[in-house]
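The sequence and structure come next.

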Amino acid sequence: MAEYNHREIEPKWQDYWKGNETFKASVDSSKSKFYSLDMFPYPSGAGLHVGHPLGYIASDIVSRYKRNKGFNVLHPMGFDAFGLPAEQYAIQTGQHPAITTKENIDRYKEQLKNIGFSFDWDKEVQTCDPAYYKWTQWIFMQIFNSWYDYRDEKAKDISELIKRFQTSGNEDLHAACDDNIPNFSSQDWKNWTEEEQQGMLLKYRLTYLSETAVNWCPELGTVLSNDEVKDGFSERGGYPVIRKQMKQWSMRITAYAERLLQGLEIIDWPEPLKEMQRNWLGKSIGAEMAFPVEDSEIKIEVFTTRIDTIFGVTFLTLAPESNLVSALTTSDQKESVEAYVEVAKNRSERDRMMDVKSITGVFTGSYATNPFNGERIPIWIADYVLAGYGTGAVMAVPCGDQRDYEFAKHFDLPIVPVIKDVDISEQAVATKDGTMINSGFLNGLGYKDAIAKATEFLEERGLGNAKVNYRIRDAIFARQRYWGEPVPVYFKNDMPYLVDEADLPIILPEVDKYLPTEDGDPPLGRAEKFEYTPKSSATSYPLELSTMPGWAGSSWYWYRYMDAHNQDDFVDGEVQKYWENVDLYIGGSEHATGHLLYSRFWNKILFDLGHVNQEEPFKKLINQGMIQGRSNFVYRLIYRIHGFEDKNLPQVFVSYGLLKKFFDAYAKWKNGQKEPFPEKKVLREELRQVLIERLGSEIDASQITFGGDKGEIHTAIHVDVSLVSNDELNIEAFKNWRPDLTDAQFILEDGKYHCGWEVEKMSKSKYNVVNPDDIIERYGADTLRLYEMFLGPLEQFKPWNTNGIDGVSKFLKKLWRLFHDNQGQLNVSDEKPTAEQLKSLHKAIKKVEEDIERYSFNTSVSTFMICVNELTALDCNKREVLEGLTVIISPYAPHIAEELWSLLGKQESVVLSDFPKWNEEYIKEDSHEYPVSINGKMRTKLSFPVDQPKEEIETAVLANDIVQKWLEGKSPKKVIIVPKKIINVVV
């Protein structure tokens, strides 16, 4: 019989799809569109492992299904190609990052094409391609030339703001801007120099330069975002990170905080991911007020959501980075404060938020006054206060906040209760129930009334006002590294100006090294004459030396896919109106507060400025789970031989089963449940025999001692999973794996070495990475695709186990045999199918359609297997059935489906066929088999027509011989019949 040969057939159909441009998408107004997108990958040097394609396979199934359902499908792929790994490799080797990136992309594309994805490769984008980043730079320019009008709740062109300044200054202007901007008139504006005007505009622009506290990594020579720093070290490389003030580009994402929050209500995203964005945005409704500092003109502004507890304030705390620290520090506290600040400022904000156990702080020596009661309040510095949230200062109310409470206890500061009948002897109580005490004019009021009255007091006396605050800070938009998009800005008199659009792209220049200059400038400072000459000037000006952050190119790429070759615009307006936005987006939840937030931000700006017609970029988002690795272990014994101390003893590995027996017996022996402990003697004897054979010397068992310094008898070592099959180690391959293993010896079970195993993250260091190329070579791409879906629900984490893939491979061979006779010849009949054959097919059509529509792919694979088993049992070779089966399985296993479709005499690809419609008449059940229980215990099964009345069913049940036997002559109290479910006779 001619079996299905994936090595021949899969490349054949991949070439067919490429040659016929089967998946090329273009605007077709006669069809409804469907835009299916995967988060594009960063092309690492390691290539893909079997965990990477999980989401791609799911989106590909949906894309192929939607084509069969008549949709015009856009399903592109590209590469997020700027990144730190390629730059680090360039620093180490001197090889240009572009070369490394191209090699990695070529490898990725080869692997992706081998899996049979229906990507429209004609629309491929690479963020490091100047033809692409020209438009990233163009979008930056649009953002730079914009400001945010809170009254109209949208971004507007900066020219409107200039006109306003010319006519009325900034009077009655409600705009997103820097803090503490003075009021100015139109005459003031006209009297200013160009530099002064540009400086003022910079305080309103949606992207701007400012002095900012950043995470600086000296080893990497760049600023890192908060999510790139862990425990004070860079996530990549593990290098120390310090906090320092630097002039940085930022984007005013805070202007969009409320719209980003509200937009979450209209998109179909996983609720946990939405909650992550809500928390990151961190909306708080409260009040802002100022505490005057004693003997000073300084006022410390704080934001609080609990102004009702103002009489419980017993100290103020400042962030270590606060600009007020030096001004408030007295001479006798100067040394202590400086030492504390030096340590605290180098901890990342994330570390400080997460660390709830450490209590540290230092007194400034200064005092403020509580304007509500005139109390004198000490001013402290503490690293649990963040400069980036609120005002960077906190009014500490120890009775209602646990961190304030612990701080007060630690430094022996007062704790004043302000809510009646609340016990704060052991901890703070942040309740909103109860009435106020020790609170002056607020005494006796409840939470809401106290909030209202305290806020009224603030506003009447000009001490503060009600305010909505957000945790999110403006996004740092610069990296001091080489491999990124150049910022299209030059500097004249230290003021930033945009280059002319006609001069885009500003190309990344060549440099001699990919390191900062000797003067500390970013690597672009090494370029010869990295300058710009405006058309209106004969003078050349220096260009910006920082590059854009990694998220810039990924914050708009879905639009470029729509119109990838357009040289005149980032996307044609009519093309964008057709494709609109992404219907299905699949990717990891780790991007919740990075890429996914910045993409929504940029999309809203483009929407406000009229460049796109959709405010949200991604209608539906699915976070795929992770395929975890199944690691294998070998176990090296730790032993000594008395009398052989000067010998180079061999490494001896004991099979997992023997080792497990040893430890199981040891545990029982240690607990006094078994005496003596013979397994130790058995293991020692096994080791003795191996050593005698290896060393050629007689060894007595008494000479052998197990255990290292800590008493352990073995070391578990990860072994490359490619050397293991069904947990059995290929001993010869293992010996050849590393030079130190050449002379390894083994204690076997039944002549075999069995490895242990554990589910862990797939990682090169754990040697559990499975290359999809190896799976495809052995089993085929269709087997890989089906198996990854079969592992479990898309959103869940699940372990990879190559041992289970054989079943899927056998299923595809069984499907193939359904179309062939025993001699391997095509055997398809044009006879009308039987009712049972049609029933089997149409059940499958209905189930698969429902599964894909709700993105439940794993159950479809089970459905295919059941259907093929049923059709095989029914000896079905009817064309009508086989054609329908081929189409519904084609989104999952496209190569075998194409081949079978061709064998059925079809001239066009199965991609162009219609998804079959299921017929209710074929799958309607005429009868139902009921489990019949007596007092809750199932005793028999009986079949009845589905429309038979309950009375007739009850009569037939009670007359049944088996039921009569279990009734033992007793009359039933009642008979419970749940239609098409169960029957229970209660005696």
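Which side chain meets E883 in a salt bridge? In this predicted model, the partner of E883 is K906, at an N to O distance of 3.0 Å. E883 belongs to helix α27 and K906 to the loop between α28 (894-903) and α29 (920-923), so the contact ties together parts 23 residues apart in sequence. E883 is buried, with a relative accessible area of 18%, whereas K906 is partly exposed at 28%.

Helix α27 (residues 879-889) also contains R879. The side chain of R879 meets that of D830 in a salt bridge. D830 sits in the loop between α24 (805-817) and α25 (835-853), and the two residues are 49 apart in the chain. D830 is exposed, with 64% relative accessibility; R879 is partly exposed, with 25%.

Another salt bridge joins E288 and K467. E288 lies in strand β10 (residues 283-292) and K467 in strand β16 (residues 464-470), so this pair links parts separated by 179 residues in sequence. E288 counts as buried because its relative accessible area of 16% is under 20%. K467 is partly exposed, at 31%.

| Salt bridge | Closest N to O distance |
|---|---|
| E288 and K467 | 3.1 Å |

Notes:
Residues are numbered from 1 along each chain as its sequence is written. This is a predicted model: local features need pLDDT of at least 70, side-chain atom pairs count only at pLDDT 80 or more; totals for chains, interfaces and linings use all residues. Side-chain values use heavy atoms; hydrogens and water are left out. A salt bridge is a side-chain nitrogen of Lys or Arg within 4 Å of a carboxyl oxygen of Asp or Glu. Helices (H or I, at least four residues) and strands (E, at least two) are DSSP runs, numbered from the N terminus. Buried means under 20% relative accessible area, exposed over 50%, partly exposed in between (1.4 Å probe, protein chains only).
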